[in-house]
Amino acid sequence: MKKLLLSVMSLMAMNGAMAQTPVGDNDLANAYATQTITGRIAVHDPSIVMDVTGSNANNPLYYIYGSHLGRAKTYATGNYQIWNTFKTGEENAGTSNSLFADVNGKLINFKDAYATHVIKKVKNYKGEEVAFGNFDAHGWQYKGPINVNGAWTNTANTVAGMQWAPDVIYNKTMKKWCMYMSLNGDYWCSTIVCFTSEDLEGPWVYQGPVICGGFSGKFGHNGYATADDWKNTDLAIATECTSLPARYATPGDAYGAHWGEYWPNCIDPCVFYDDDDNLWMSYGSWSGGIFMIRLDKTNGLRDYTYTFPYQISGKTVTPGAANANCTSDPYFGKKIAGGYYVSGEASYIQKVGKYYYLFMSYGGLTAAGGYQIRVFRSEKPDGPYKDCLTSTGIDAMYGKYILNFGGDAKRDEGVKLFGNYQWETMPNAELAQGHNSAIVDHKGRALIVYHTRFLKRDEEHEVRVHQLFVNQDGWLVAAPYEFSGETYTDNDIATQQLYDATEVEGDYQIIAHPYRQNTAAMDYEKPVTIHLNADGSISGEYTGKWELVSGTSYINLTLKGVATANAEVKFKGVLTEQTIDYTNIKALCFTALSSSDGLATSGVASLQTRGLSIWGSKADAKAAIKYTLDKTSVPFADGATLNSIPKLPTEGHLGATISWKSSNPSILTDEGVVKGKGKVTMTMTVSKDGYEYTKDYTLNIDAEAEETTPVYYPVSAQKNTTNAYATNLSQDYTVKAGNKAQFKFYNYTVGAEFYKSWVLGVSNVAHGAVGYKEYVMLRNDNFENIAWSNTGCVSDYNWDTFAKDMNGSLVDMTVEYAATGAFKMTAVITTTDNKVYHYSYTKTITDKPSEINVFFTGENSYIDGSSLSTGISNPIIIQKKNDGKWFNLSGQQVDKSYKGVVIVNGKKFVNK
């Protein structure tokens, strides 16, 4: 009976796999739309906070503050994507609309905000009320000399550019908002200070310093003497010292003291309440590691009555000379992560469910710096914080220097939420994501908020928000796409089976996030396709098996090939529906973390198989089919006569697949190999998850035919005029040596500067391919960007009206490329009021590749040829000259009764 049941189930699975529902053009007409988000904001090191005092509880305001007074706000209904700024930041030269006020409530410029503080008395480590002398945080910044590009200068640190990574919290005792700002100073002369305000938009008033560093007596300050500089700090209030303890008098000369080998840099604060309503602050960056202290809820400053012992490697000892293994210090507090200058900064602690999660950013913050978010957890707010990379977890603290990020890393630790990646609907790869904050919002959804840089956008950055989930092992996993209003919470995932097996099976794109990504080369992960089959198996780029956890929305997967070719890695994850970035396409997604123990060996390298994050996305089938059709260039038109077949497109998009079938393989094979002469029908099938679209191309195959110029109608990936230079790309087109290609499109711009228009790109291979090299980046405005000149450009533009003329203009362009490397572009540009301009460009490509790749991009502009053709009119082949046969412009043979433009013996004329 069991065998019979299995046979019946196998047959049902086979029948299900074979059954395909046909779809046509009408079914796909409104299958998807691209979307543009116009409210993006650039805030570095964003810290998010919900307005719990003055906004609608059902649709509250959320604020982010970041470095250099970056700031923005949004309503929850904006899905944390549409942000607006407020007041003025570091660009403010005066006091109007300032974020800051003095102790009397008078608006002041941000540069003056750190001079005088409100609080004059505090309780010391004994609980005694003592004077809290005024501390000028700007005066504490480093004075110089400073080494700038190898030369010593006496330039002193300023406030501008040094206000880093604030964190904002509502103090329930004070009933005020508290902002903890780090005013950075070179050589560790940094201070974290507290500001308060009645309103999240300020004005903020300086309350006093919370913690400061660099008081070794070796560093010059803007406003304090070097000798005995510690006396200007709160060191004596926090400890019982009457002179500078030896451990802070770190060795080294005046410009190269080794403070950072032992002690933290006092920047990057994170302030949070624990379950017992205690207020904590973590802080630090690289250098001596990440530390924590307790705060006083009555004034927002440090709680000096909560003391810390002096400990080495967790054991209390008598203080002596500086020791890099210090894990607790009476002044700096308890060490929870890092040390020995290992990379790690931007600590952020957020309670989600059972655990406190410590987020840290490893690597450098530049686009090629390798910034990436790692996560540890603890049941206690002050640790120990550990990861899941071993059965007992690796502690977030270090006992020696180890390179912990990038392709040459010597140790993997911390759950890597994600790394550099690009879904195919994204205009650019995300790089160097980091310095995050996190929050559980008003609907119980955990969110991570971070800044990201992008491929080919230099050091530009923007804020992104993804939802976080807790998997069945209690580890955080990030949703694959940006948050877009999804409603499910962790409780929903843990208590409801939101999707049954028939909904989950299907074609998925998957991105795996390896630890040792070559971030220095700005490598990024792209999706590959796998199939979750009805019988519980997985096929495609990775193989394995999958299962649902009954009664929940958890999913377990075992994948072979995700780490190395032979290692089987087990993943535990969460299922949730999302919207694919930059579209309205719905997708069933999974986000999962590996639970397999050990390392997999690949050659001489050992790769982590525990703690790997993966994302999966099953796009709506009809949308994926339509998206594939829109992105696919078929190398012939229906009815064409061909002498050979270019490579048939076989790569689908969003998990869809493309296949071809020939009606007569003896003339033309399924793979497009010419075998004979005559008529044949090639059928293209695009399929996904039980749906298929088919299109027939009737072709005449003749090896002696002569090729004419193909016509393309390119479209930019994003139809908006807010894009940065070279970020909004069209498809790639191939032009072989000795051939031409024609392009027709409408051009849309902001109608401002001349250069904000289309750009014609020529490269050796397609974007993102290995060995990519650009030969030409030709602007619409008579200029070529690689040579940075107008050499080779000829036009008859009217420059007085050029910017206005180009918006909405029709471009008819021909590109020619010869085997000698000679490249030529000619274009006829017709404006909306019927002016006609001519533009040409010539250049010799010295590499002389056998073929070139052509694409279009621009700045604050896009192109759209879709309205000029229902598809791409690709290479049309006409018969050899002097055979007397008649063809129309689609390459179809006609008789002499045909009216219109015809081609006879290679020449066009109009038959009336």
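Me: Why is Asn-109 called buried?

Reply: The model is a predicted one, and in it Asn-109 has a relative accessible area of 7%. Buried means under 20%, so Asn-109 with its 7% is classed as buried.

Me: Where does Asn-109 lie, and which residues does Asn-109 touch?

Reply: Asn-109 is in the loop between strand 6 (107–108) and strand 7 (121–123). Leaving aside residues up to four places away in sequence, Asn-109 touches Asn-92, Ala-93, Gly-94, Thr-95 and Ser-98.

Me: What makes the approach of the Asn-109 side chain to Asn-92 a polar contact?

Reply: The side chain of Asn-109 reaches the backbone oxygen of Asn-92 at 2.9 Å.

Me: Why are strand 6 and strand 11 said to stand at the edges of their sheet?

Reply: The open sheet has 6 strands in the order 6-5-14-13-12-11, and its pairing is mixed. Strand 6 and strand 11 (163–171) each have a single partner strand, so one side of each is left without a neighbour in the sheet.

Me: How do you know that strand 5 and strand 14 pair?

Reply: Strand 5 (residues 100–101) is joined to strand 14 (residues 204–212) by 2 bridges, and the two run parallel. Pairing needs at least two bridges, so these strands qualify. Phe-100 has Trp-204 in strand 14 as its bridge partner.

Me: Why is strand 17 described as largely enclosed?

Reply: In strand 17 (residues 290–295), 6 of the 6 residues are buried, so this strand is largely enclosed by the rest of the structure. Strand 17 pairs in the antiparallel sense with strand 16 (residues 279–283) over 5 bridges, and Leu-279 has Leu-295 as its bridge partner. Strand 17 also pairs antiparallel with strand 21 (residues 333–337) over 3 bridges, where Phe-291 stands opposite Lys-335. The hairpin of strand 16 and strand 17 has 6 residues between the strands, and Gly-284 in this hairpin takes a positive phi near 120 degrees.

Me: What makes strand 28 mostly covered?

Reply: Of the 10 residues of strand 28 (residues 461–470), 10 are buried. His-461, Val-463, Val-465, Gln-467 and Phe-469 point one way, Glu-462, Arg-464, His-466, Leu-468 and Val-470 point the other way, and all are buried.

Me: How do you know that strand 28 pairs with strand 27 and with strand 29?

Reply: Strand 27 (residues 446–454) and strand 28 are antiparallel and share 8 bridges, with Tyr-450 opposite Arg-464. Strand 28 and strand 29 (residues 476–478) are antiparallel too, with 3 bridges, and Phe-469 is partnered by Val-477. The criterion is at least two bridges, so both pairs meet it.

Me: Which residues take a positive phi in the hairpins on either side of strand 28?

Reply: In the hairpin of strand 27 and strand 28, Lys-456 has a positive phi near 65 degrees. In the hairpin of strand 28 and strand 29, Gly-474 has one near 85 degrees.

Me: What is known of the predictor's confidence in this chain?

Reply: The average pLDDT of the protein chain is 90, and 90% of the residues score at least 70. Over residues 1–17 the pLDDT stays under 50, and the model has 1 contact for them beyond four places in sequence. Residues 599–604 are also below 50, with 14 contacts in the model beyond near neighbours in sequence.

Note on methods
Residues numbered from 1 in each chain as written. Predicted model: local features only at pLDDT ≥ 70, side-chain atom pairs only at ≥ 80, totals over all residues. Heavy atoms only, no water. Buried < 20%, exposed > 50% of the residue type's maximum accessible area, 1.4 Å probe, protein only. Helix = DSSP H or I, 4+ residues; strand = E, 2+ residues; numbered from the N terminus. Polar contact = N/O pair within 3.5 Å; in protein donor to acceptor, adjacent residues only side chain to side chain. Contact = heavy atoms within 4.5 Å. pLDDT = per-residue confidence, 0-100.
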